[in-house]
Amino acid sequence: MAKEVTVVEGRGLYIGSRMICNGIPEIVQAYYRPGNSTPSNLLVRIRIGSLVDQCVDVAVGDLGYRALHRAIPLLQCASSRHRAMFDTYLFEKMQKFLESPENFTSKAYYFAENGIVHLGDGATCVILGNRVLGYKGNRCIAKPMCSWNVPFGTSDACIILAKVLMDQPSAVLLTTAYTLLTTVRSAVIESGIDLQAVLYITGAQGLGKTTLARRVAGFVNNADTDRPALLFDAGSTLAATRDAMASARDLPIVVDDLCLSASRAAQQRRKDLGAQLVREAANVTEIIKKAPGGQTMTLHNVAGVIMTAEFMLENASDVTRCVMAPITQPLDLPDALTPSVMAGAVELFLQHYLLDSENSLCRLQHLLKNNEQIPALQNCPEQRVRTNLTALQWAFQEFAAILETHFKRHDLARDLMRKFQHALADSVEQTNAALARVRSLTPEGNIAYVLLNAYRKQQFSLMPEGKKIRKLLKYDGLLIKNKLCLRTCALQQLVNQSPGYRGWTLNRIVAELVSYGALCIQEQGTYQIKVSDDSDALRVYCIKIDVLEQAAERY
């Protein structure tokens, strides 16, 4: 039994004269996830003679020989019976440790997710990759986050960044603001704000979209390779992208190179992929992932997603979930704009937020209630877009406040906010243009609806009663006994000018009307009729209005 186990210094654990393990375990620390009253992890010190003196982080549920041996292969038990004795001994050591008040003079935390974390005493801290901001106590960071390395920035990173932004186009300012907003994304959402923002950097090939995303949002590196850890190519790493979306909480990830293609089918696939990623990033569509054993897991995006693309989205709901950052001319990014500078600016931004997070979020709520005062939003009727851009404005205002309070650069802060207003206006203009294009390609209803709606709104110039039939050339058509008689050019022009029907041929329009049974047919071989017995009389399409009313369908 475990109570019979004795510790022989330098040799191991014994029962009588028989060794059961060559190592001596000791519970050093218990770690608690914020908000939990029971520990989730333990720090176990293992000593093996003069060879090993090492601490191992173990989940409470995994505490035992198997997990410790996996971490330190030199740890050995001679048999399964001895392993069971070792586990019992270790469990009793844990129980005694947790029952001793002197081991808990201050709480030690286990941080298993990146981003904003609320501690048990009401304090707030930030996990930034492998670093902790705002909490100096004892803590342990989960291994997956330790693989993310965020470099330390210089104390003047905000000044360097602000000066760079003063000479850059709108897309650079918008990308910077979005990256800053991403680092407090979870807190914004937890405060009740429906933030669905996805940054969508658009522009032709070779203008610098990827370089911009790398420089501003690429400050999270892989600890082993020191290369960007959250930058993904849209064409080849969808699974890895989704994993990052579900784990990189409050960090920016980049989905790069949604490009045009010579193949129409390949191009459509990329557009469909872009739309799918936008919906997953905005948490409109859940992320479905295959788990070991063939089962599926349902995940949600917790990161800020930046996409670079050569094309515009084709669905209005996707467009309104995006912050548009258009690039129209090749970017000339200075050497001073580096991921390290951005890392330093992000750190100062988060420290500023942590000083007074509650009032900072109150400022955001106030701005949302009064966002009609933001000049750039005067031409922005879409509520979702207004919410996204207001949150962006707030994040940039908080950044400018650092320049004022920390560096006493009131002039630079003021000029930068003025410039940011132009950037917001450019984003609104691009959004409105994208929505106008989408709506011009989206039918309001079927052909029956289009014609009936035009008739009811008096969009046709119909010949008045009593006019001689030869005057019909001056009109679109005429009305005969609740039948709409239209000339060929008037029918096709009206349909082609309606959203979603540009390019429809006359044959296609007529075939649609025939399928409704809406055309009056006077003679075989033609779908047109003569409006008089004159051999030179114009032929028109005679459309039954009552049939249009039955067939009309608004989408």
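Helix α2 (residues 80-98) lies across β4 and β5, running at about 40° to β4. Contact here means heavy atoms within 4.5 Å. Axes are lines fitted to C-alpha atoms, for helices over the stretch in contact, and angles run from 0 to 180 degrees between N-to-C directions. Helices (H or I, at least four residues) and strands (E, at least two) are DSSP runs, numbered from the N terminus.

This is a predicted model, in which local features need pLDDT of at least 70 and side-chain atom pairs count only at pLDDT 80 or more, while totals for chains, interfaces and linings use all residues. Residues are numbered from 1 along each chain as its sequence is written, and side-chain values use heavy atoms, with hydrogens and water left out.

## The three-stranded sheet

The open sheet has three strands in the order β4-β5-β6, with antiparallel pairing. Its edge strands, β4 (24-31) and β6 (52-59), each pair on one side only. From one strand to the next, the twist averages 25°. Two strands are taken to pair if DSSP finds at least two bridges between them.

Strand β5 (residues 41-48) pairs with β6 in the antiparallel sense over eight bridges. Ile-48 has Val-52 of β6 as its bridge partner, and Leu-43 has Asp-57 of β6. The two strands form a hairpin with three residues between them. In the turn, Gly-49 has a positive phi of about 50°.

## Thr-241 in helix α8

Thr-241 belongs to helix α8 (residues 238-247). The residue is buried, with a relative accessible area of 2%; buried means under 20% relative accessible area, exposed over 50%, and partly exposed in between (1.4 Å probe, protein chains only). Not counting residues up to four places away in sequence, Thr-241 touches Phe-232, Ile-253 and Val-255.

## Packing of helices α11 and α13

Helix α11 (residues 339-355) packs against helix α13 (residues 383-405) at an angle of about 95°, with the axes 10 Å apart. The two helices are therefore roughly perpendicular to each other, a term for angles of 65 to 115 degrees; under 35 counts as roughly parallel, over 145 as roughly antiparallel and the rest as oblique.

From α11, the contact is made by Leu-348, Phe-349 and His-352. From α13, Ala-395, Glu-398, Phe-399, Ala-401 and Ile-402 take part. By class, this contact has six nonpolar, one polar and one charged residues. Ala, Val, Leu, Ile, Met, Phe, Trp, Tyr, Cys and Pro count as nonpolar, Asp, Glu, Lys and Arg as charged, and the others, Gly among them, as polar.
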